[in-house]
Amino acid sequence: MMPVQVVKGSLRVLKKALPRNLRRVEPQDLQLGQDYAEVCFQGTVVIICQLTTLGNGTSFFKIVLQGSEDSSSTAGTLINTLVFGKLAEDCSKHVHKGDTVVVAGFGLAKSINDDGRHGCHLEVSDEAGSTIYICTRPSSTRNASETVAMPVVPKYTYTPLNNLKDGTVVNLYGAVKFFKPPYACKGTDYCSVVTLVDQSNTKLICTLFNTNKDALPQIYRNGDIVRFHRIKVREFSGQMQGITSIGFAALTFDGTIGTPVVPRTSSKGFTFTDEDRKTVEDMRIWVASNFPSDVPSAKLCAIQPPMFFEFICQLVGKAKVDGYSYLLKVWDGTKCPFPSWKVLVKEDDIEGDGILIHRLRNLTVDIVVYDNHVKLAKSLKVGNIIKMYNLHVKTHIPEDKPEVSYLQFHLHGGTGYGRGIIVLQESETDVKEFKAFLDSVDLTESEHSERPAFPELETTYSQLGYSLDRCQQLSITVLTDHQHLDVTALNTIINSRSPQQYRVRAKLRRFEPVKLHQSVKLHCPMCNSLQEVPDGPQLDLIIQEASASRSNIGLQSTSFCESVLWDIENQGQCSVAVHFVEHAELLQNPEDSLILLEGGKLKEILKLSKRFKGIIPVRSTEDSLVLLDLSVPFFWQGNLQYYGCKHCSNPKAMSNLGAVAAQEDPSWDSTTIAQALGVVPLQYVFVMKFTLDDGTGLLDAYLMDCEKFFQMPASEVLINNIFQENMEKIMEKLCPAGKNLDELPWLECFIKSYYVRDETEERLCYRIFDTMIAEDV
């Protein structure tokens, strides 16, 4: 299929020219994150922009399509269509206003322009496999059945890694030296990190993002060869790095000499010439002599714990364990020589063929994946051939029953050492061979050989005060790291005098303070001091005392402020000085304005903070304006109040804000203001004491956390009723009133022990860390 086709005739002729597999989509049905490889969009050309060239030399052409034949349709049916590369050049030669255009196989991205048109725009390029059909307006001189196809064979230039320059968008080839498989990051995107090298022995680290993980490079091993089109180059800390840009596309090839030169890609259309084939084959020869031999994936039959390894297997079942962990039941056709842990989940919760899972019960192992890998694990389909990187297997030996041991398989959170999961393509030769091997396995012998049972396991856990089944009850909390640590009984921790980290599974007997708003404190990250948050009456008194020493207000002259005196309502001759910080010698709208407030009470500050972007309380000295007092917030923003540490701060005059005000787009946030004024900000933190009980002993552990544990910011709990109610509900679930120990929920957490020395003694204390309340709580 040629990328541009000009159809001369009626819309009926246009319809006949379209492939039958194309599904037409309307403007209201366009959604980000969907695959539009076999979808088409039809519209009438209403606006044509001039063909131009981007900074990287790529041709760019923009048209606006109206997605309805009714010319009276609203602006919401208008959609921007961006065309790149050679396709843009050819399209610009043949499209006219009023033509009907069908775009097939396009990308969809969020529009950054608020122009009243559709919130997304179409991205069209030959790399994306796009085809544009242009139906010109009927003419008596045209044959209605005539179709003219224009072949387009783009010519690309590839830049060696040692010739990359900052700020350019380039095409390149490289061999994979290190990679992290696609993983879910913040928001809706997936991310992959790839380190490339080429014959110039130059290294390039690429960080790639896409809402569709299949659009990221499908890399299986170090030594694979990739081709990137339209990757942006940035210099960071003296080293070139690559990031995705508009129109980014990738092909991946096996780097082994002799294997078929077949690209791995989710794209339905791409260019690949004889010159490209020669480039891949030349790079394979270079890889063979410059890369170490690829370490083969380990088989279950050859496991030697403890170890981290790459593992190719087939998924036969999966189930949710809790909000931050997921179970994968897998096999590779061989039998693990050691007994392995079976994660206890309800049979009805396991997705998969129950009969097959039962038949393979002696050949499968249970792998638990954590944190950022959970989203991808959920998307896996039963039957997929998958590859796991940096999979951890270890032997677990209960302390009280050393004769009982079993293997545990964990894919820990994070992406260190390339940790992750990928789905292997069915078309790969290795995958075909692996599936043929699985089909050849005789299941009869394994079905009749039962794994040994371990009743001692239940005894071991019952000695800790709960049965094996109870041990598998979901915890109301989630561990965010260190999942390789084993659970330690509280009596063991209490009897240990050396500071270290532990994993604990216990119940919450009681907590302090009972009045939860009293748990919010102010903490200095530099001197580690804690202080109470002043309540309203206290704060008002402090402000009045700090302002009482000032003389009658006179307007202090500053180069970046415009100052006025405002009388205070119902307070006689009292007034406040308001210093408006200017930008480019102009005043801004109130909601964008920072003001310096001199005089007044808490009531005035709260009233003004609702109208202006931010307020800094100040006082006058002989020649400058300075902070009022660090006993009160140095910055007010809406209902939020930001305090500074009296001991660690070195306050500076307000004139230091002048440099910020002179910036093109000044950022009046607490961090920027604190840096300019020499203030060390205090953090709002939760400080609580939990008394834990696991049946072997009681232990007091302290919690000091900004927002991670409760998944809500401590800074807003004091001002937000919804957060206060949520916190009360959480604590009611953790420690419900009137319940006995057996009825309390399990709380799994990490604690670390440390010594605290006061004037008379040295005490061993315990603190909770890397733990958070589960999302479903």
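**A buried charged pair and its surroundings**

Modeller: Arg221 is buried, and Asp224 is buried too. Keep in mind that this is a predicted model. The side chains of Arg221 and Asp224 meet in a salt bridge, at 3.9 Å from N to O. That value passes because the cut-off is 4 Å. Side chains of opposite charge can pair when their charged atoms come close.

The pair belongs to a network. Salt bridges link Arg221 and Asp224 with Asp254, Arg264, Glu428 and Asp430. Arg264 has a further partner. It lies over the face of Tyr220, at 3.9 Å from the ring centre. So what is the count of salt bridges by this rule? It comes to 20.

The side chains of Lys435 and Glu426 meet at 2.9 Å, N to O. Lys435 has a relative accessible area of 29%, so it is partly exposed. Glu426 has 39% and is therefore partly exposed as well.

The other bridge joins the side chains of Lys708 and Asp770, at 3.4 Å from N to O. Lys708 lies in the loop between β35 and α15 (714–717), and Asp770 in the loop between β37 and β38 (771–773), so the pair ties together parts that are 62 residues apart in sequence. Lys708 is partly exposed because its relative accessible area is 36%. Asp770 is partly exposed too, at 22%.

A charge over a ring turns up elsewhere. Lys507 lies over the face of Trp746, at 4.5 Å from the ring centre.

Next, the aromatic rings. The structure holds 16 aromatic pairs. Phe750 and Phe769 form one of them: it is tilted, with 5.7 Å centre to centre and 35° between the planes. The angle falls in the tilted class because stacked needs under 30 degrees and edge-to-face needs over 60. Phe750 sits in strand β36 (residues 747–757) and Phe769 in strand β37 (residues 762–769), so this pair ties together parts that are 19 residues apart in sequence. Phe750 and Phe769 are both buried.

Phe686, Phe690, Phe709 and Phe710 form one aromatic cluster. In soluble globular proteins, nonpolar side chains tend to be buried together.

What does Phe710 touch beyond four places in sequence? Phe686 and Met688 are on the list, along with Leu703 and Asp705. Met727, Ile730, Met731 and Ile773 complete it.

Gly697 touches Leu490 and Leu692, not counting residues up to four places away in sequence. Its place is in the loop between β34 (683–693) and β35 (698–705). Is Gly697 buried or exposed? At 19% relative accessibility, it counts as buried. Its C-alpha atom is separated by 8.1 Å from that of Ile494, which is 203 residues apart along the chain.

Two buried polar residues remain. Gln408 is placed in strand β21 (residues 406–411). It counts as buried because its relative accessibility is 12%. A polar contact of 3.3 Å joins its side chain to that of His410. Leaving aside neighbours within four places in sequence, Gln408 is in contact with Trp341, His392, Val393, Lys394, His396 and Asp486.

His121 is found in strand β9 (residues 120–124). Its relative accessibility is 9%, so it counts as buried. The side chains of His121 and Glu123 are joined by a polar contact of 3.1 Å. Not counting residues up to four places away in sequence, His121 touches Ile79, Asn80 and Leu82, and also Gly107, Leu108, Ala109, Lys110 and Ser111.

Back to your starting point.

Methods. Residues are numbered from 1 along each chain as its sequence is written. This is a predicted model: local features need pLDDT of at least 70, side-chain atom pairs count only at pLDDT 80 or more; totals for chains, interfaces and linings use all residues. Side-chain values use heavy atoms; hydrogens and water are left out. Helices (H or I, at least four residues) and strands (E, at least two) are DSSP runs, numbered from the N terminus. Buried means under 20% relative accessible area, exposed over 50%, partly exposed in between (1.4 Å probe, protein chains only). A polar contact is a pair of N or O atoms within 3.5 Å; within protein, one must be able to donate a hydrogen and the other to accept it, and residues adjacent in sequence count only if both atoms are side-chain atoms. Contact means heavy atoms within 4.5 Å. Rings of Phe, Tyr and Trp (its six-membered ring) pair if their centres lie within 6.5 Å; planes under 30 degrees apart count as stacked, over 60 as edge-to-face and the rest as tilted. A charge sits over a ring if NZ of Lys or CZ of Arg is within 6 Å of the ring centre and within 35 degrees of the ring normal.
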